[in-house]
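Hi,

Here is the structure I promised to send over. Have a look at it first, and then read on for what turned up.

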Amino acid sequence: MATESPSKRLKTDAPLIGTHNGHFHADEALAVSMLRLLPSYLDSQLVRTRDPAVLSTCHTVVDVGGEYEDSNRRYDHHQRGFETVFPGHHTKLSSAGLVYMHFGKDIITTLTGLQGPDCDLLYEKIYTDFIEAFDANDNGINVLAPKDLEKAGLEKKFEDRGFSIASVVNRYNYGGKSATADDTKTPEAKQADEDMRFLRASQFVGEQFLYELTNRAEAWLPARHQVKQAYDARLQYDSQGRILVLHDGMPWADHLYNFEKETQQPQGVAPHVLYVLFPEDKPEGKWRIRAVSKENGGFENRKDLPDAWKGVRDEQLDQVSGIPGCVFVHAAGFIGGNKSFDGALAMAKKALEL
């Protein structure tokens, strides 16, 4: 058993948080960090143990104890028969998902001031884009079933196991350990080192959660209204609505996909936007043209910029495209630039024809 140093948490009357000691994972690291974002848990100490007698003294227990009961503040998911999922989803929850499901809206309101529909929208968005992957990872759920990949004859092009938040957290289990030095340490000292590594991991995932929440609240959510205005005005640039013009840089993709799904298109209007234009900095300066991906976050576009333009720059691109002021088109054909809005719009219109 190990208890966090009281010097780090001054208010001894704050609710005590418990989780297990030993090898730790991303879900309980995130669960603990999310709880500590709430005023009631801000000064809480953390106990890491599997001793039921000690856990029974804790106000809130996550990822250990074999019990899920919100009224008792018990949030484990390892017990037989546990099948709880987040509303509208199918992934079995981990301790991260359980804590988020019960405390997420309070966390969002505490940190952003948002309430009502905006809070609800953000609550769902953050679970979908951030928390659910923690749940899936800890419960051994793959994004795609290996048997389906094998049946389709698909193989990974490279190994990506180390490129995830879960893999980073796992490194904290070993980072800084020395087998030789550890042999000379007492069990208490070894446990103290392990607890310190857990706290560092929890701080890391907590920062990622905060970045996600802050970005969604301060940029993604406000952009929804602006993207809707641009979406409604798109026919002025192309009679089929295939070009979207934004007068500021903003996170637009999620909102565009949603508006496309929600809107019944008039006859003669294309079901999907193909190119999005936005200023590189100020509207009177350079502009970018971005091909819209087929899938949200994917690398395959609905319509690439023309092959003849790919990897070409400046005056050479002017000549190839027949449009003045060109700056570049990426070799992959997903983005390009022009010195002016009129030039970028001309590129988009020309690209639609090719």
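**The sheet and its helix**

There is an open sheet of 5 strands with mixed pairing, in the order β7-β8-β9-β11-β10. Strands here are DSSP runs of E with at least two residues, helices are runs of H or I with at least four residues, and both are numbered from the N terminus. Two strands pair if DSSP finds at least two bridges between them. At the edges sit β7 (243–245) and β10 (326–329), each pairing on one side only. On average, neighbouring strands of this sheet are turned by 20° against each other, direction ignored; axes are lines fitted to C-alpha atoms (for helices over the stretch in contact), with angles running from 0 to 180 degrees between N-to-C directions.

Before going further: this is a predicted model, where local features need pLDDT of at least 70 and side-chain atom pairs count only at pLDDT 80 or more, while totals for chains, interfaces and linings use all residues. Residues are numbered from 1 along each chain as its sequence is written, and side-chain values use heavy atoms, with hydrogens and water left out.

β10 pairs with β11 (residues 335–338) in the antiparallel sense over 3 bridges, and Phe-328 has Gly-337 in β11 as its bridge partner. The two strands form a hairpin with 5 residues between them, and Gly-333 in the turn has a positive phi of about 75°. Helix α11 (residues 341–353) lies across β7, β8 (275–279), β9 (287–291), β10 and β11, at about 170° to β8 (contact means heavy atoms within 4.5 Å).

**Domains and pocket**

The domain assignment, automatic or from a database, gives domain 1 (17–174 + 186–218) and domain 2 (237–353). Their C-alpha centres lie 38 Å apart. The lining of the largest pocket draws at least three residues from each of these domains. A pocket is an open set of points on a 1 Å grid over the protein atoms alone where a 1.4 Å probe fits, with protein on both sides within 12 Å along at least five of seven lines; lining residues have an atom within 4 Å of a point. α4 gives the most to this lining, with 8 residues.

Cheers
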